[in-house]
Amino acid sequence: MPEFAPEPSPDEAQTDLVVVTGVSGGGRSTVARALENVGFYVVDNLPQALMLDMAQLAFEAGGAARRTAMVLDVRSRAFSTDLAGAVRALKDRGFSPRVVFVDADDEVLIRRFESVRRSHPLQGDGRLADGIAAERKLLEEAREQADVIIDTSHLNVNQLRRRVEELFGGEDARKLRITVLSFGFKYGLPPDADYVLDARFLPNPFWVPELREHTGLEEDVSTYVLGQEGASDFVGTYAELISATAPGFEREGKRYLTVAVGCTGGKHRSVAIAEELTARLRDIRLSAHSSHRDLGRE
C-alpha cells in the first residue's frame, strides 16, 4: 500500500463492486452464479491481497467488467482476516464495494457437508463442528463488516438465487428473455429449442407465384399467412401458453427461452408466425425478440 491514497475518481466510484464471503457450505457458489446471471463478472477464490488490483483492472477494462464480484474463500492460502482493511483500501481509492456475507446455522451446515460426504476445509483431524467453529472465529470480523448478511439456513438454491437477484439485479435482470426463432424443418430442428411450433398446417405461400420470391417479413406474405383459417388461434394459443409458463420458468432460474417456429424452408410461414407471436408476447409485457435462422438460405 502507498503511504497516501490517490484522490478518488468519480469513474472508479461508478464501478459496481461486490465482495462475497461467508462460511463454507453457506452457498457462496450459488451467490456467485446468481451474480453472473445478473451481469456481474465474477472472480472466484480471490486472495484479499489482490482485491485492489482486481478492482483497478475492472475499472480499466470498462464495459461489462465495471460490474465485478470478488468471491473470497477461507481455503485460499492467501486469505487473511483483515477484510475490513481490504475494503477500506478500496474505499480510499474511490471504489464503493458492497460486502455480502453468506451464513447458515451450524446444524444446517453439518447436514449439508454430510449429505455430500465432504469434510470441512478447516476440520483437520477433528469433527465437522470443530471446523465450522474455527471458520466462524476466522470470519468473525468479516461478518461484522458486511453490508448484507444472507442466512441460507431455510433457503433452497432457487430461493437464494432470487434473493441475490432482488438485491443486485433489478427487475429487468430477473425477467425471462424469449427468443422466437423461425426455422425450416428441411434444415433440421434448432438444438436449443424449448418449444417447437409447426406451422406447416397452413397453406404454403411458396405455391402462390406472386408471393414465392418474398418472405414472411413482408406485408403481403404476412397478411396471406395470418389470414388463413386457424392461424390467429394458433398464435394466440401459444402466446397464452408461454404467458402461463413464464413465471414458473423464472422461479426455476431459467433466464432464456427459445420458442422455435418451423415451416418447410423457414422463409414464409414460420417467419410470419414468429413475428406475430413476438408482437403478441410484447403486448402482454414479456421480453421477446424474433430471429430467423434459415431466412435467405433458399
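Mentor: With the axes: each is a line fitted to C-alpha atoms, for helices over the stretch in contact, and angles run from 0 to 180 degrees between N-to-C directions. Helices (H or I, at least four residues) are DSSP runs numbered from the N terminus. The model is predicted, local features need pLDDT of at least 70, side-chain atom pairs count only at pLDDT 80 or more, and totals for chains, interfaces and linings use all residues. Residues are numbered from 1 along each chain as its sequence is written, and side-chain values use heavy atoms, without hydrogens and water.

Trainee: What makes helix 11 oblique to helix 12?

Mentor: Helix 11 (residues 231–251) packs against helix 12 at about 45°, with the axes 10 Å apart. Angles under 35 degrees count as roughly parallel, over 145 as roughly antiparallel, 65 to 115 as roughly perpendicular and the rest as oblique, so helix 11 is oblique to helix 12.

Trainee: Which residues of helix 11 and helix 12 make the contact?

Mentor: Contact means heavy atoms within 4.5 Å. Helix 11 contributes S232, F234, V235, G236, Y238, A239 and I242, and helix 12 contributes I273, E276, L277, R280 and L281.

Trainee: Why is helix 10 called roughly perpendicular to helix 12?

Mentor: Helix 10 (residues 219–226) and helix 12 (residues 269–283) pack at about 85°, their axes 9 Å apart. That angle makes helix 10 roughly perpendicular to helix 12. S222, V225 and L226 of helix 10 meet R269, A272, I273 and E276 of helix 12.

Trainee: What is the relation of helix 2 to helix 8?

Mentor: The axes of helix 2 (residues 28–37) and helix 8 (residues 157–168) come within 9 Å and cross at roughly 50°. Helix 2 and helix 8 are therefore oblique to each other. Among the residues that meet are A34 and L35 in helix 2 and L160 and V164 in helix 8.

Conventions. Helices (H or I, at least four residues) and strands (E, at least two) are DSSP runs, numbered from the N terminus.
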